[in-house]
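Trainee: I am new to this structure, and I would like to go through it slowly. Could we take it one question at a time?

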Amino acid sequence: MDINMPVLNGLEATEKITALNPEVIVIIMSVQGESEYLKKAMFYGAKEYIIKPFNYDTLVNTIKLTYERYKQINKSQEQYKDGKIITFFSSKGGVGKTTLAVNVGVELSKTKKVLLLDMDLMFGDISIFVDAVDSKTIIDAIDDENTDSYNSLKTYLFSYNKNLDILFAPKKPEASEYIGKEIVEKIINILKRHYDVVIVDTGINFSEVTLHILDISDYILFISNIDIASLKNTKLGLQVMRSLGYDKNKVKVVINRFNTDYGIGKKEAEEVFKEEIFLTIPDDEKIVLNSINSGKPFVEGNKLIKSKIEKAIETLCKTLEI
């Protein structure tokens, strides 16, 4: 790479190349031999610096030596991951889908590197659930045109703990109009390479963005309640998913707020869905409401005494093949 080039100089070009492709080795060449230029080249990501004019042997030896020096470093660096995508979906609002997505994300982050994406682009609430309503959102990254690399997107991720990052939905519903399938696909493809698991919380409709996320998901956790309206909407939603060709290993029905006192049991729900219930999450309104109102996920409660709902989240995480 030469330093003096039209449109984009060598330092700027080197910075962009190495940000997008960390494994690329750049050698800068220049007539400038001062240490100031050498420092700048290294700062922008170059691995070596040679001064013009140089002969054929110098150039060849520099390329060979630089390659030998850095190929082992590149091999030893963290390999890109291909995070499994677990999507939380429901065809009815108010069933506790976001509550489960957040707590599963926190639970999994105890042992894995997790990304939580709020893709309910109109009415996403994850920022409230983790007490981070003033944080940056996906629309900020798009408006700033910082969606080309993991390094540029990192600025817009909320670090909940050392293993859990979150990308929030826009604060205003109208912002969702500017977020299409292509940009969502691009962002997910970039980010998932850096996480073991990607948890996605979607809206309740089959929008173009949601359909794309469902298509690329390894697992879809279809959340329902045990009331008649939820069962009816879930049955219709499952019919849509079958028409899309999703198999039973991918789509797993989870009944949230399960309580046999409500007059409908697990067996009756399975008869309605013509589908086996993957898991039931017990009803515990007090714990859940306290968790939401405090902005603290309930799986971070008392480590010595775990509630039934915490144990159910643990079981859910262990049962998924991640």
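**Helix crossing and open sheet**

Mentor: In this predicted model, the crossing of helix 10 and helix 11 is right-handed.

Trainee: Which residues of helix 11 make the contact with helix 10?

Mentor: From helix 10, the contact draws on Leu231, Thr234, Lys235, Leu238 and Arg242. By class, the contact of the two helices has 5 nonpolar, 1 polar and 2 charged residues. On the side of helix 11, the residues are Ala269, Val272 and Phe273.

Trainee: Which strands stand at the edges of the open sheet?

Mentor: The sheet is formed by 8 strands in the order 5-6-4-7-3-8-9-10, with mixed pairing. A strand with a single partner has one side left without a neighbour in the sheet, so the edges are held by strand 5 (158-161) and strand 10 (277-282).

Trainee: What is the bridge partner of Thr87 in strand 8?

Mentor: Strand 3 (residues 84-89) pairs with strand 8 (residues 219-224) in the parallel sense, over 4 bridges. In strand 8, the partner of Thr87 is Ile220.

Trainee: What angle does the direction of helix 9 make with that of strand 3?

Mentor: Helix 9 (residues 208-216) packs on the sheet, where it touches strand 3, strand 4, strand 7 and strand 8. Its direction makes with that of strand 3 an angle of about 135°.

Technical notes
Residues are numbered from 1 along each chain as its sequence is written. This is a predicted model: local features need pLDDT of at least 70, side-chain atom pairs count only at pLDDT 80 or more; totals for chains, interfaces and linings use all residues. Side-chain values use heavy atoms; hydrogens and water are left out. A crossing is left-handed if the near helix is turned anticlockwise from the far one by less than a right angle, and right-handed if clockwise. Helices (H or I, at least four residues) and strands (E, at least two) are DSSP runs, numbered from the N terminus. Contact means heavy atoms within 4.5 Å. Ala, Val, Leu, Ile, Met, Phe, Trp, Tyr, Cys and Pro count as nonpolar, Asp, Glu, Lys and Arg as charged, and the others, Gly among them, as polar. Two strands pair if DSSP finds at least two bridges between them. Axes are lines fitted to C-alpha atoms, for helices over the stretch in contact, and angles run from 0 to 180 degrees between N-to-C directions.
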